[in-house]
Amino acid sequence: MTTILLIINVFVTIALIGVILIQRSEGGGLGIGSGQGMGSFMSGRGTANLLTRATAILAGLFMVLCLALAYLNQGAAGHHAGDSILGTAPSTSTSLPENPAPDFPAGKPSR
């Protein structure tokens, strides 16, 4: 199931990149600075074209697929909801060599 969703996610990503690259660059982002004033900003005519809708649909599909893959990966890894890496005790199985403290002569240590 994860493999199928991952393959679909790759195709959606490639399609999203293609749709974004096909779109015409308008200069100022979101139509600002096009000389038509604020009347054209986010109007039905400005946002209803096919490429804008395709971009929105593909971006939503990409987000849903990424969330589904993350959820499936969490379940496959054996993690349970509510587990935290901060709540687990560190492992004490590391073997470090013991270095004895240096012996100082009686009195003041040398500086």
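Colleague: Among contacts in the protein between residues at least 6 apart in sequence, what percentage joins residues at least 24 apart?

Modeller: This is a predicted model, where local features need pLDDT of at least 70, side-chain atom pairs count only at pLDDT 80 or more, and totals for chains, interfaces and linings use all residues. Residues are numbered from 1 along each chain as its sequence is written, and side-chain values use heavy atoms, with hydrogens and water left out. Contact here means heavy atoms within 4.5 Å. Of the contacts between residues at least 6 apart in sequence, the part joining residues at least 24 apart is 89%.

Colleague: Thanks! Which pattern does the protein follow, read along the sequence?

Modeller: Helices (H or I, at least four residues) and strands (E, at least two) are DSSP runs, numbered from the N terminus. The protein has 3 helices and 0 strands. Read along the sequence, the pattern is α-α-α.

Colleague: Which residues does the UniProt annotation "transmembrane region" cover?

Modeller: The annotation comes from an unreviewed entry; UniProt positions are given in the numbering used here, feature names are shortened, and annotations may be inferred rather than shown by experiment. In the model, residues 6-22 are 100% helix and 0% strand, with end C-alpha atoms 24 Å apart. Residues 50-72 are also 100% helix and 0% strand, and their end C-alpha atoms are 33 Å apart. The record's "transmembrane region" covers residues 6-22 and 50-72.

Colleague: How far apart in space are leucine 65 and valine 10, C-alpha to C-alpha?

Modeller: Leucine 65 belongs to helix 3 and is buried because its relative accessible area is 8%. Apart from neighbours within four places in sequence, leucine 65 is in contact with Leu5, Ile8, Asn9 and Val12. Leucine 65 and valine 10 are 55 residues apart in sequence, and their C-alpha distance is 10.0 Å.

Colleague: What separates the C-alpha atoms of isoleucine 57 and leucine 16?

Modeller: Isoleucine 57 lies in helix 3 and counts as exposed because its relative accessibility is 60%. Leucine 16 touches Thr55, Leu58 and Ala59, not counting residues up to four places away in sequence. Isoleucine 57 and leucine 16 are 41 residues apart along the chain, and the separation of their C-alpha atoms is 9.2 Å.

Colleague: What is the C-alpha to C-alpha distance between isoleucine 20 and leucine 51?

Modeller: Isoleucine 20 is part of helix 1 and, at 46% relative accessibility, counts as partly exposed. Isoleucine 20 and leucine 51 are 31 residues apart in sequence, with a C-alpha distance of 7.9 Å.

Colleague: One last thing: how much of the protein is made up of buried residues?

Modeller: Accessible areas come from the Shrake-Rupley method with a 1.4 Å probe; for residues, only the protein chains shown count as cover. The accessible surface of the protein is about 9,700 Å², and 66% of that belongs to carbon and sulfur atoms. Of the 111 residues in the protein, the buried part is 8%.

Definitions and conventions:
Buried means under 20% relative accessible area, exposed over 50%, partly exposed in between (1.4 Å probe, protein chains only).
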